[in-house]
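Here's a quick briefing to read with the model open beside you. Have a look at the fold first, then work through the points below.

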Amino acid sequence: MNPLSRQHITKSKNQIKSIIILGISTVVLALIAMGQGPYEKLDVFTTAKMIFGFETPNDVENSIIWKLRFPRILMAITGGIALAIAGALMQGCLGNPLVSPLTLGVASGAALGAALAIMLGFSVVGGPLAIIGNAFLFALIVVFIIIQLGSMHSVSAESYILVGIAITFIAGAITSVLNYFATDEQVSQLMHWSFGSLGRVNRETAIFLTVPVICLVPLALKWSWDLNALSVGGDEFAISTGVDPAGFRKMVLVLSALLTALVISFTGLIGFVGLAAPHMARVIVGNDFRKLIPSSAIFGAFLMLFADTLGRTLFAPIIIPVGVMLSVIGGPFFMYLLIRSRRG
Amino acid sequence: MRMSDIMRLKNLKFGYPKKEVLKDINLTISNNELVCLLGVNGAGKSTLLKSILGILKIQSGEIWIDAEGANENSLKRIHAPRKHTDEEDDFLPNLTTVYGITLLLWGLIVTAVSESQSISSFAPAFLGLPLLVSGEMVKTPEADRKLWMYVATTFGILGSLGGIGFFIVMGEGLNYISSSMLMMFVTGSAYTAVCVRWFTAAKDASNDDNFDAMELAQYMSYVPQSVKSSFSIDVYDAIMLGRRPYIGWNISPMDREIVSKTIEFLNLEEFAFRKLNQLSGGERQRVIIGKAIAQSPRLFLLDEPTSDLDLKNQIQIMKKMKFLVSNSKEPKSALVAIHDINMAARFADRILLMSEGKIIADGTPREVLTPENIQKVFGVTADVVNSEEGDRFWVHVRDEVDGKTEDDNLFLEQINEDTEG
């Protein structure tokens, strides 16, 4: 075999090894997180035995683990995966490292939907899902308008970002107007929604969210070659590699918007993980999307889990929302990584 | 048309609203031919290459390529305008319409099943109606088709899950879980149904002679003037992108061998595992050429491939291209836009002189590069100097441009005055 080929294989094997190590540490972190809480602290091995069925927990432990902590942790993992992948996809297809899953107006749309549901009672679904359903729907409507307008103007990546910013301001303005006329109670309800927390999930919603995310992730992986071509060489380079940049970009944007809207309508606004996780993954595996997508997903899950567990335990019984915690601990860590990678 | 032709362009036209760039280009490129395109800036060289590849959509004319390299019957037309059938135009809704339908159904179902029938539960229907109406007014862009294939497949899966879920929880009566399951089922099936109908219509309407982008990339590869890189990967992986048209998802040992061999062929070993953005402009240009070679196309479209290279590398790259074109087992040809007239004279089998969107001279270097032609196209006086053996010749440019030295002096004086004042 050619020495260059061998070198290439060794390099990718090493990268895959680090992805696997990352994955294992995320699972361990999840087990640790499962043991943390106000009731009693369980150590990793006990939780692992209970989760994998080697030890039958007593009734109290059973309901604490499966009914209270498991949904929250599942939600953290799924949400982290979805947001991180959405971020990686959007950065890749728009060729811009500053883009996060919230750039295309998903957040402003969701906030508008939530505000409408809270303040006017105008909601697409009734019952306990009123705010969530409305946030999801409005997030998609806003993103969809942006995508249609962006592709109408020209096919370039910049036009999407610019239209996204414009529409974000409009939706934000409407939300502000609603805020202005709302009662104090409604305003605080909206504030709580927008903090980004995992406290609202129960078992059904966590599983309901996990199914579509699992369905959509393989699609992102399938596109990784095309994303490589587009993010490395720009539009003309991508065309000569057999990718239609305009159509492809639209597909990727719709997919990442779907992933983002699914998560943030349940959790509220969590933006940081979508920006930071792909960059952290890039430090380790480079920009090859075949490895970048899995590793950003793992990084996303890890970040969310870590931030949420810290938020739950640090000032217990007060729970700091995961969105806040993420920015508090993720920001400095992110900066450290960036500075280190610049030096290296 | 001869058996050995690789591409034929017929009456190719391209322009922008206020400027015609390509006027009636007719060109046939044979197998194993290195063709150089010469001309002043803005003559249409890059535009021609881009329209052949399909980056720019031609306004009229035909592009025929020989895909199998076998005979005249294997010629296929590319970038032909899509034929639309009436049925397709009538039926195919776009994103907006599908959205509208979904919301409408959603609203109706929620209204039907929810216990408190308030105006708010009918909200999606209110949103859906205007979308439905506006959707009918916008034509479907080609890309939407592919997009909805993926989204609709996902929703199809979701829909079936919802259906199964509904049957499981149905016994509990209509609460919010069962109604969301029902909603998932209906939404999912609506998307899938639209999608299936879409594709049957699209299939009927598709033009059989049209290649998709991936097939085309197996046939021709293109080196752009500059590559805009926002994220960077290893040189090895960048060249591996040339194998993209042949790869499903996994890299086969053969693809890896081809990439390694290409790197050796272009002497890129020393930076094979460095990041693309850590290279100099010339090194990066060689990597992009490497990607084009790894693509193993039948036709190379190179837009100023030597513009960033040093003297030695310019000659080396042109030599390697010439070698590839004349010695490959399967026929290969190259169309190279280039500014260095002597490089073209030395390596081209055939030279095309372009001026104002037209090919005004076409032939061997000796036939085309005459002092008269050079004067006509470039506006400079030149001599053709033969080598002592007589097998090569150089174009020696005597004076550059008809000088306006007085104007230039005046300009300098003015600038000096301004800065002093």
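Which strands of chain B does helix 1 of chain B lie across? Helix 1 (residues 45-53) lies across strand 1, strand 2 and strand 4 (60-66) of chain B. Keep in mind that this is a predicted model.

**The sheet in chain B**
- Four strands of chain B make an open sheet in the order 2-1-4-5, with antiparallel pairing.
- Strand 2 and strand 5 (75-78) of chain B sit at the edges with a single partner strand each, so one side of each has no neighbour in the sheet.
- On average, neighbouring strands of this sheet are turned by 20 degrees against each other, ignoring direction.
- Strand 1 (residues 5-16) and strand 2 of chain B run antiparallel and are joined by eight bridges.

**Helix 1 of chain B**
- Against strand 2 of chain B, helix 1 of chain B runs at about 65 degrees.
- Helix 1 of chain B is mostly covered, with nine of its nine residues buried.
- Its buried residues include the lysines K45(B) and K50(B), along with S46(B), T47(B) and S51(B).
- L48(B), L49(B), I52(B) and L53(B) are also among the buried residues of this helix.
- Just after helix 1 of chain B comes G54(B), with a positive phi of about 100 degrees.

- As background, most residues other than glycine have a negative phi.
- D24(B) has a positive phi, near 55 degrees, and is a residue other than glycine.
- You'll find D24(B) in strand 2 (residues 19-30) of chain B, and it counts as partly exposed because it has 14 C-beta neighbours inside 10 Å.
- N267(B) also has a positive phi, near 55 degrees.
- N267(B) belongs to the loop between helix 9 (253-265) and helix 10 (281-294) of chain B.

**Over in chain A**
- F306(A) is part of helix 12 (residues 289-313) of chain A.
- F306(A) counts as buried because it has 22 C-beta neighbours inside 10 Å, where 20 or more is the cut-off.
- F306(A) and S156(A) are 150 residues apart along the chain, and their C-alpha atoms are separated by 37 Å.

Definitions and conventions. Residues numbered from 1 in each chain as written. Chains lettered and ligands numbered in written order. Predicted model: local features only at pLDDT ≥ 70, side-chain atom pairs only at ≥ 80, totals over all residues. Helix = DSSP H or I, 4+ residues; strand = E, 2+ residues; numbered from the N terminus. Buried ≥ 20, exposed ≤ 12 C-beta atoms within 10 Å, placed from the backbone. Pairing = 2+ DSSP bridges. Axes fitted to C-alpha atoms, helices over the stretch in contact; angles between N-to-C directions. Contact = placed C-beta atoms within 7 Å.
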